[in-house]
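Biologist: I'd like to learn how to read a model like this one, feature by feature. Can we go through it together?

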Amino acid sequence: MVKKESKQICSVGVAFVFLSSFLAMFFGMGTYFMFSISGNDSYIAAIIGSVLSILLFLVFKYIYFNNTEENIYELTKSLYGKKIGYIINSFLFLAFVIISSIVLFNLTNFLNVEYLPDTNANFIKAIILVTIIYISSKSLSEIVRVNQIFSYINIILIFIDICGLFSKVNFKYLEPINCFGKSCMFKSIGLYLVLSIVPYMMLLITSKNNIIESEKEKTSSVINRTVILTNVIQIVIILMTILILGKDFISVFRFPEYIALKQFTLFNILERVENVLALNFYFNSISFLSFLFYYMISFLPDLKIKKWYSIILSIVIVIITSLLFHEGISFASIASKYLIYVILIGILLPILLIFVKLRISNKKQKIS
Amino acid sequence: MKKYIVILLILVIIFNGLTGIRELTDLAIVKAIGIDMSDDGEIIFTAIVTDTSSKEKVNSGDVYSSKGSSVQEAARNMVDISPKKLYIAHLETLVISEEIAKEHLENSLDFFIRDNEGSNTFYLFVANEHSAEEIINVINEEKVDMVSFLESTQKYKGDANLQTLNDVVKGILEDGTQMTANSMSIEDKKILIDDMAYFDNWNMKGYLTKQESILYNMLLNHTQFFITSIGEGDDLIVAEVTSCKTKYSINKETKNCIDIKLNINANITQTGKNIKLNDAESIESIQKTIEEDINEKINNFYKKIKEEYKVDILSLGNLLYRKKNKLFDNPNYLEELDINVQTKVKISNQGGVKKVW
């Protein structure tokens, strides 16, 4: 697919990039891993983790506002030179490939388990990837706009979810507090922190040069507010799931958030609408995968076959998912073991290298 | 590129979209299911399939029965006698035989918990002294709307509750909690919601009495309305409880005692000729009589739970667990645990009648 010239993006569009990415990263993965580590204490882990992750976000924000290049890959090359820059970018690229595979399998698994149990998972993957290929064939501004629409729908759906589930809440499920021990709590906090790195990374998909001139000033505050909103939404999702299902029931299900949605009832009239409400899980993952694809395609060289990149990438990702993961439970155990290392080595390490170099060069510039 | 995407979409639809389709008319919508175990250890699966073609037959349908080595196999074998595949998303009632409840509940319920179509919000019943198949047949013949029937019993009698399968499974999984389930039997070819069954983990142990079922539902806030009678003949007091709220806390002085506080609002609906309701004092005295009576009933019930049933159906252990009480570490905590019941009754309505006769 040929990428068209990037048009200008509004500040809200930029900020919403990590809203859907964040929710996609946690649905069926982050929350599932956290629940299996820290059970009903996961909401405490999420609160502490979100505070720490907001601090970590400052690193990404610093890079974003000091990036004078078109994208993160160009910035790496300008900071470290072509060869080392290419190696660092390769780390990022490989991490995105693995994360895309994990997100794709997670979404496929969800649809396969809860909606289409009789359907071959590869067909579900094909349907998802067709959408992704189409979206990622567009320019960045169009991808961001699609995500913006999804994000508004998400926020409305989440608000409806909370209204319809509030009557099912049982506060006794929060007790006993810290029953899993401090080490589990720390693990869970760490997990939240590490998983939040990927959505924050999505911010760097754009550079400040892409933002509409008139909105550049307010971009920083819009991003800050959205980061806080995103973390609050994620904490609420975790908390509501615990309050509805309780720690023992949560551990039974692969997608506890969806099972909690099944309890939805609004004024005793609107019931059994979990499939409609669960649309936001689908939208988030689609948006997130589109960003990941855009990132990956940006890394690849500008060759004649560039228009086929998204299809080639799709095939590669389908092959990886087929080789690595076979079904939901084994996927969760593999992903929970290795995803953290993929993020730490593939994303955090390059980002810290970029951050350190950028800071040094900025200081030098100031001195000179 | 667009044409490739279109081709791909068409391929996806051709190769898959139409093969898995299930038309509404092809669904055998199941309203109630009964599960028994045959003498040779096979599962007998009985289902009422709703007749969607007739508006008059809203609460009835056709009963099908099949056998298999598992619940899933038995359900699938139904295709031999009914051409449609069962669709259990609208299941309202699941009736299990006593044998299943006593020995095979875990394996049988697993099928329903795993099922992705249903929401597990149907009601579970134990077939008391009858097979589940018999009960299912009577439900269908008598066109019983089980949901309304259960709701009425819970609302006006208080000896049944509205716990769904999810609640029941939660009860089993939660620390320091044992579950109960409603039971059903047949009397004069009519369906009867009978005494509640109590369980020890996944195994049914026995039945509570009617009175105990009411006390159980009252203590677990499962019911708001029930009738309590004190004395007899000329000393009779009949009170209709209109609201009941129970709160639990661990006694601050003795850590192996749980304080149970009940706040009850009641109406006097019938009295014997010796009972006067003419002034505030007499009403207060009746309130006290009801309080003492309920306290005594609860204490006797708890004594029976401790000594005879030996199963923590009141979830007192769960409170100990949640409050990190050390007593919970003892597997026989129930033997050492006492209760202190404090009932507060308020008579808000004496029927607007001054007794002058």
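Biologist: Let's start with helix 8 of chain A: what does helix 8 (residues 216-250) span between its end C-alpha atoms, and what would a straight helix of 35 residues span?

Modeller: Keep in mind that this is a predicted model. At 1.5 Å a residue, a straight helix of 35 residues would span 51 Å, but helix 8 of chain A spans only 43 Å.

Biologist: Where is the kink in helix 8 of chain A centred?

Modeller: Look at Ile244(A): the kink is centred there, and it comes to about 75°.

Biologist: Next, helix packing. At what angle do helix 1 and helix 6 of chain A pack?

Modeller: For a pair like this, take the angle, the axis distance and the handedness together. Helix 1 (residues 11-38) and helix 6 (residues 140-165) of chain A pack at about 60°, and their axes are 8 Å apart. The crossing of helix 1 of chain A past helix 6 of chain A is left-handed.

Biologist: Which residues of helix 1 and helix 6 of chain A make the contact?

Modeller: Helix 1 of chain A brings, among them, Val12(A), Gly13(A), Phe16(A), Val17(A) and Ser20(A), while helix 6 of chain A brings residues including Val144(A), Asn147(A), Gln148(A) and Ser151(A). By class, the contact has seven nonpolar residues, six polar and one charged.

Biologist: Why do residues three or four places apart point the same way in an α-helix?

Modeller: An α-helix has 3.6 residues a turn, so residues with that spacing point the same way.

Biologist: On to the chains. How many residues of chain A are in contact with chain B?

Modeller: Count each side separately, then ask which elements contribute. Here 24 residues of chain A are in contact with 16 of chain B. On the chain A side, helix 4 (82-114), helix 5 (121-136) and helix 8 each give two or more residues. Helix 5 of chain A has the largest share, six residues. That side of chain A divides into 12 nonpolar, four polar and eight charged residues.

Biologist: And which domains does the assignment give for chain B?

Modeller: It gives domain 1 (26-207) and domain 2 (211-357). Their centres, taken over C-alpha atoms, are separated by 31 Å.

Note on methods
Residues are numbered from 1 along each chain as its sequence is written. Chains are lettered from A and ligands numbered from 1 in the order in which they are written. This is a predicted model: local features need pLDDT of at least 70, side-chain atom pairs count only at pLDDT 80 or more; totals for chains, interfaces and linings use all residues. Helices (H or I, at least four residues) and strands (E, at least two) are DSSP runs, numbered from the N terminus. The expected span of a helix is 1.5 Å times one less than its number of residues. The bend at a residue is the angle between axes fitted to the seven residues ending there and the seven starting there. Domain bounds come from an automatic or database domain assignment. Axes are lines fitted to C-alpha atoms, for helices over the stretch in contact, and angles run from 0 to 180 degrees between N-to-C directions. A crossing is left-handed if the near helix is turned anticlockwise from the far one by less than a right angle, and right-handed if clockwise. Two residues are in contact if their C-beta atoms, placed from the backbone, lie within 7 Å. Ala, Val, Leu, Ile, Met, Phe, Trp, Tyr, Cys and Pro count as nonpolar, Asp, Glu, Lys and Arg as charged, and the others, Gly among them, as polar.
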